[in-house]
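Please find below a colleague's note on the chain shown here, arranged as numbered points. The note is meant to be read beside the sequence and the coordinates.

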Amino acid sequence: MELQSVRALEAAKAWLVQQGFAEGDALTRLRIDGNLKSPLEHACEQGNLDVCRWLHANGASADVTRADNDGRTPMSIACQEGHLSVCQWLFEVGASADITRADNDGYTPMWIACHNGHLSVCQWVFEVGAPADITSANNNGTTPMLAACRNGHLLVCQWLFKVGASADITR
């Protein structure tokens, strides 16, 4: 194994231990903030792409599309936090169907990214297969436009309007 790979491996292990995972628990779930999260979910939330790659290469490949009890996938978690590079990596390694997958409350990755004002993530999700999600409401009837407006994300609102959610400004 080359020196750079060894350093990446050691950095990934050190990061997991720092986050509260025991070295022998590398692929198990840990209770964080009252929720059970896998190391991969946690790394996606934190935007730590190197750790995501290491976990995937060392047995966490099934976790790429595994939803938690709320129906949230690593893709929706990465979209929520605005980690575009993690979203793209997840898409490449098998989570492409998760790009339109709603959680138990009807939140799609597009809705989540709009709600949180992550324009680059919204644009990417739209481009790779979720154009219909720009107008899809969650279980409470809230559209991405309403979510973006409610949170003051003007650039996201303008983009949604431009790409087809114009009717949602009066919905």
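This is a predicted model: local features need pLDDT of at least 70, side-chain atom pairs count only at pLDDT 80 or more; totals for chains, interfaces and linings use all residues.

1. Of the 171 residues in the chain, 42% are buried. Among contacts with a separation of 6 or more, 62% join residues 24 or more positions apart.

2. Just after α2, Gly47 adopts a positive phi of about 75 degrees.

3. Packing of α2 on α3. The axes of α2 and α3 lie 8 Å apart, at an angle of about 160 degrees. An angle over 145 degrees counts as roughly antiparallel, and α2 and α3 are therefore described as roughly antiparallel to each other. Their crossing is left-handed. On the α2 side the contact is formed by Pro39, Leu40, Ala43 and Cys44, and on the α3 side by Val51, Cys52 and Leu55.

4. Packing of α2 on α4. Helix α4 covers residues 74-81; its axis is 7 Å from that of α2, and the two helices pack at an angle of about 20 degrees. That makes α2 and α4 roughly parallel. Here α2 passes α4 in a right-handed crossing. Leu40, Glu41, Cys44 and Glu45 of α2 make the contact with Pro74, Ile77, Ala78 and Glu81 of α4.

5. Packing of α3 on α5. Helix α3 (residues 49-57) and helix α5 (residues 84-95) have axes that come within 10 Å and cross at roughly 20 degrees. These two helices are therefore roughly parallel to each other, and α3 passes α5 in a right-handed crossing. Leu49, Cys52, Arg53 and His56 in α3 meet Ser85, Val86, Trp89 and Val93 in α5.

6. The nonpolar core. The largest nonpolar core contains 39 residues. Cys44, Cys52, Leu55, Met75, Leu90, Val125 and Leu160 have the most contacts inside this core. Setting aside residues up to four places away in sequence, Cys52 touches Leu40, Ala43, Cys44, Val86 and Trp89. In soluble globular proteins, nonpolar side chains tend to be buried together.

7. Cysteines. How many disulfides does a search of the whole structure find? The search finds zero. The cysteine sulfur closest to that of Cys87 belongs to Cys79, at 3.6 Å, which is too far for a bond. Cys87 is buried, with a relative accessible area of 0%. Cys157 is likewise in no disulfide, and the nearest cysteine sulfur, in Cys149, is 3.4 Å away. Cys157 is buried too, with a relative accessible area of 11%. For reference, a disulfide requires cysteine sulfur atoms within 2.5 Å.

8. A buried aspartate. Asp133 sits in the loop between α7 (119-127) and α8 (144-150). Is this residue, Asp133, buried or exposed? With a relative accessible area of 8%, Asp133 is buried. Beyond its neighbours within four places in sequence, Asp133 is in contact with Ile99, Thr100, Thr108, Met110 and Pro144.

9. Met110 as a partner of Asp133. Met110 belongs to helix α6 (residues 109-115) and is buried, at 0% relative accessibility. Not counting residues up to four places away in sequence, Met110 touches Cys122, Val125, Phe126, Ala130, Asp133, Ile134 and Trp159. The C-alpha atoms of Met110 and Thr100 are 7.6 Å apart, and these residues are separated by 10 residues along the chain. Both Met110 and Thr100 are among the contacts of Asp133.

Key:
Residues are numbered from 1 along each chain as its sequence is written. Side-chain values use heavy atoms; hydrogens and water are left out. A nonpolar core is a set of buried Ala, Val, Leu, Ile, Met, Phe, Trp, Tyr and Cys residues joined through side-chain atoms within 4.5 Å. Buried means under 20% relative accessible area, exposed over 50%, partly exposed in between (1.4 Å probe, protein chains only). Contact means heavy atoms within 4.5 Å. Helices (H or I, at least four residues) and strands (E, at least two) are DSSP runs, numbered from the N terminus. Axes are lines fitted to C-alpha atoms, for helices over the stretch in contact, and angles run from 0 to 180 degrees between N-to-C directions. Angles under 35 degrees count as roughly parallel, over 145 as roughly antiparallel, 65 to 115 as roughly perpendicular and the rest as oblique. A crossing is left-handed if the near helix is turned anticlockwise from the far one by less than a right angle, and right-handed if clockwise.
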